[in-house]
Amino acid sequence: MYSHGSESLIKQAREIQEPELQKFYSRLSKLLQGKEFSHETLDSLQRLLLILSASKYTRTLPPELQKRIVSLLSSSAEQWQVLSSAMLRETLPPSGQELNYNQENISQLNSHAAALLLSQAGSRADLSSLCAQLLRGLESRQSEGSAHSLTHTLPVLNTILTHSPESLTEDHVTLLSKKLVDWLRYASITQGGGASSGGFFTGPRSRQPVPIAELDGTVSGDFFTVLCVGQGFTDDQWMNVYSFSVLRHWLLTYHSVSNVSAIADTDDRSEVDGSVVSMVSATSSSSRLLPPKERLREKAFQYCQRLIEQSDRKAHKRIDTDLQKACLVEAVCILDCVCEEDASLVFRTFPSIKALFGRLSSDLSFARVLLPIAQFYLHHGETAAVDCESVWNLVFGRFPAELFNDHFLAHELLRFLRLNLESVRLRVPQYTRSFPNLLKLLAWDSPPVVDDFVDLLPSLVTPGNAVELLHTLLDLPCLSATLVLQLRSACLPISDTGGRPLLSLDAFRNNSYRGLFLFLLRGEAGSGDTIDRLSTLHKLLAEAADWPRVVQCAQTVPVLLHIFFNTVITVADDKLLAHLILVMLERSSLLLSIPKYIKEIHRVFSCHLLRLCKLRPSLVVDQSHELLEFAGATANVYSKEDVYTHVVWALGEYLSVSCDSRCSVRLITSCFETLEAVLFEITSSAPPPGAVCPAPRVVTTLMSALAKLASRSHDLIPRVSLFLSKLRTVTRGGSVPWCADEEDLVAIVTRGEELWSLLKAPGVAQSVLTPPQHVTAPQWHRDTNVAMPLRLRALTSLTHSQ
């Protein structure tokens, strides 16, 4: 929200009257007539910008004032360029005074004017006309235009290509491809005279032009690239740098341009007439025979090969080392692009890529360079018939295991997986086995990467690893704490006298517990489903339950569990689903002690346990022993309300011959007796010390389950009826120790009376409590016997007047 002072200024700007506004326009026009602008001029321009921005209507400035503001776009001070560009965006130009850079003033173009030109383009024709003007500027001789305008031309064309590629024609693509070839391959090889390098290129001034140098200080013996250094740089060398910066995007998107009026490339005119560039390029007869796009690919290939060679030189400065890494990333990505377009280049490119991987793979400081190399192997490894196993062992092994705390690498790695998910699943067998490693990225820094794992998790679920993956997801908070301990153990001395010692850190360093932590830190799946001593591990990590990183990680687990269960039901058979039910029952009591986390996990378990039973009702009979064991433990009523309630409901709902023919009277009776004992126990005594009264829905679910089971085995009806009648009698005496709320007690008694009334008529009770499938899943639109009365009633309502 705005402050009170800001709101007051905005209100004044909105409520300014037209006479006052016209006076303000006149005064500002006079201020702008001078050659030098005062502080008052700056304040007035800022006030005008506020007036224009605060109004919901687009204003039109007086022609004279509009003209003077337009002239500020070409000011030498960027402050005036920014202000004028912002104001012109908020106005409608007077008729005939639209901003238009023609061939005469294209040299005055700067980034702010270029952005304004793009914003004012109202149609594809406008953009196409702008492209034509800019490209004509590229064809001019250096004496007719400066490199200053060219450096802004390329970004503008790149922006147009991004947002409206159809605005460029095939002619435009041909021309710009030729210019990029010239700038990339044929830039000057001597340093500019006396110009300060600036930017990436730093060094003392020198008055005499000398040959360009490599990053290690040696004189360059080849063509100029972005990794060449010097004391000053010529215009075409700067264009070489700009061209390299837009090259990959150009190669990726120039296929989307309009295929209109393509010109034949029978005569190569790409080089600038009368320049050294044209003489050098004229000697390359084989290159001149290629069409512009193919020639650009060839020169891009040569440029990137030279960058790879230059990156092997030891730079004198740290900033130049970082520049080498950045250029390597871009060079490998560009080589990937050109090989995608021309498969014949794969065999020329792979030797250098393979050598580069061999040189960098042992140094994890080059991890962000190795990811584009992995992408290259993924796209072209099969074509070149090379072994990619070492690449994937690095990407899915050492990267997440050793660099899990590198935020930038985590982003790049997960982005790589998302962009290439289908290819990775088909071609990289290590992928689905590497989830213990990949989940370290999530355990370390959950909020930024949770969206990535929401997309990636379904691809990691297979019938073979589903159970282990479920355990791993449930242990993510433990993994998060273990990663923290791993880093602290490496940083802190064994005997740290300062501050309170961490018991969990001592446990991490203790050989007796080393196996527990090493299992959490494993790199691949397949070494076991979970830890035998989970309860011991949770005790060791008890103090980590309130660490911010662990708490954040715990908040993401329920979301991932929903995705896991939604995916696993599409790939699992009955045996796997039965195993998952057992895991849910077991792990509901084996979770890191974070109260909110435990409650959320129980809610997820209860939801999907019910879903699995509804999908495969036979699972209830298959796992009846384990389900009854869980339901028969009275302690679960107080500690696992959600899961317990749904287990009881599933037993009462699906232990039926209609769901599974194996359901015998003996099984129904066994289940009935187990639930009856629990219900009697919790309604005959106060809850244990430290526990709250059982939830009303637990009691009513138990009563409903007993009534359902009794309706299928009528011998059990008297036992249920006796309990329900006693329940009504007991509650008449006032409050009871197992229910603290009077309204809840009334609801329980009411439900009991309803069930008792139903059980008086066993046939009715069975049809109500266990309705047949055609009642619970009606298909009236298919059943003519049922649909006929509906049609008759509909016709009657239409024919009779209301």
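**Packing and confidence in a predicted model**

Biologist: Which residues does valine 332 touch, not counting residues up to four places away in sequence?
Modeller: A contact requires heavy atoms within 4.5 Å. With residues up to four places away in sequence left out, the residues that valine 332 touches are Ile353, Leu356, Pro372, Ile373 and Phe376.

Biologist: What pLDDT do local features need in this predicted model?
Modeller: The score called pLDDT is the predictor's confidence in each residue, from 0 to 100. Residues are numbered from 1 along each chain as its sequence is written, and side-chain values use heavy atoms, with hydrogens and water left out. In this predicted model, totals for chains, interfaces and linings use all residues, side-chain atom pairs count only at pLDDT 80 or more, and local features need pLDDT of at least 70.

Biologist: Is valine 332 buried or exposed?
Modeller: Valine 332 is found in helix α14 (residues 318–341); helices (H or I, at least four residues) and strands (E, at least two) are DSSP runs, numbered from the N terminus. A residue is buried under 20% relative accessible area, exposed over 50% and partly exposed in between, with a 1.4 Å probe and protein chains only. Because its relative accessibility is 0%, valine 332 counts as buried.

Biologist: Is glutamine 375 buried or exposed?
Modeller: Glutamine 375 has its place in helix α16 (residues 367–384). Apart from neighbours within four places in sequence, glutamine 375 is in contact with Asp336, Phe416 and Asn420. Its relative accessibility is 19%, so glutamine 375 counts as buried.

Biologist: What is the phi of alanine 385?
Modeller: Alanine 385 lies in the loop between α16 and α17, and counts as exposed because its relative accessibility is 68%. Most residues other than glycine have a negative phi. Although alanine 385 is not a glycine, its phi is positive, at about 55°.

Biologist: How many helices and strands does the chain have?
Modeller: Of the 802 residues of the chain, 49% count as buried. Among contacts between residues at least 6 apart in sequence, 75% join residues at least 24 apart. As for its elements, the chain has 41 helices and zero strands.

Biologist: Why do the buried residues of α2 line one face of the helix?
Modeller: The buried residues in α2 are Leu21, Phe24, Tyr25, Leu28, Ser29 and Leu31. The arc is taken from the directions from the helix axis to the C-beta atoms. Seen down the axis of α2, the buried residues line one face of the helix because they fall within an arc of 155°.

Biologist: Which helices do the buried residues of α2 pack against?
Modeller: On the other side of α2, Pro19, Lys23 and Lys30 are exposed. The buried residues of α2, in contrast, pack against α3 (39–54) and α4 (63–71).

Biologist: How far apart are the end C-alpha atoms of helix α35?
Modeller: The expected span of a helix is 1.5 Å times one less than its number of residues. Helix α35 (residues 665–682) has 18 residues and should therefore span 26 Å. In agreement with this, its end C-alpha atoms are apart by 26 Å.

Biologist: How are the rings of tryptophan 392 and phenylalanine 396 arranged?
Modeller: Rings of Phe, Tyr and Trp (its six-membered ring) pair if their centres lie within 6.5 Å; planes under 30 degrees apart count as stacked, over 60 as edge-to-face and the rest as tilted. The structure holds 15 aromatic pairs. Here the ring centres of tryptophan 392 and phenylalanine 396 are 6.2 Å apart and the planes are at 40°, so the pair is tilted.

Biologist: How are the rings of phenylalanine 564 and phenylalanine 565 arranged?
Modeller: Tryptophan 392 and phenylalanine 396 are both buried. Phenylalanine 564 and phenylalanine 565 are buried too. The ring centres of phenylalanine 564 and phenylalanine 565 are 5.2 Å apart and the planes are at 75°, so the pair is edge-to-face.

Biologist: Which residue lies over the face of tryptophan 444?
Modeller: A charge sits over a ring if NZ of Lys or CZ of Arg is within 6 Å of the ring centre and within 35 degrees of the ring normal. At 3.8 Å from the ring centre of tryptophan 444, the residue over its face is arginine 549.

Biologist: Where does pLDDT stay under 50 while the model has 38 contacts beyond four places in sequence?
Modeller: The chain averages a pLDDT of 83, and 85% of the residues score at least 70. Where pLDDT is low, the predicted coordinates should not be read in detail. The stretch with pLDDT under 50 and those 38 contacts is residues 260–285.
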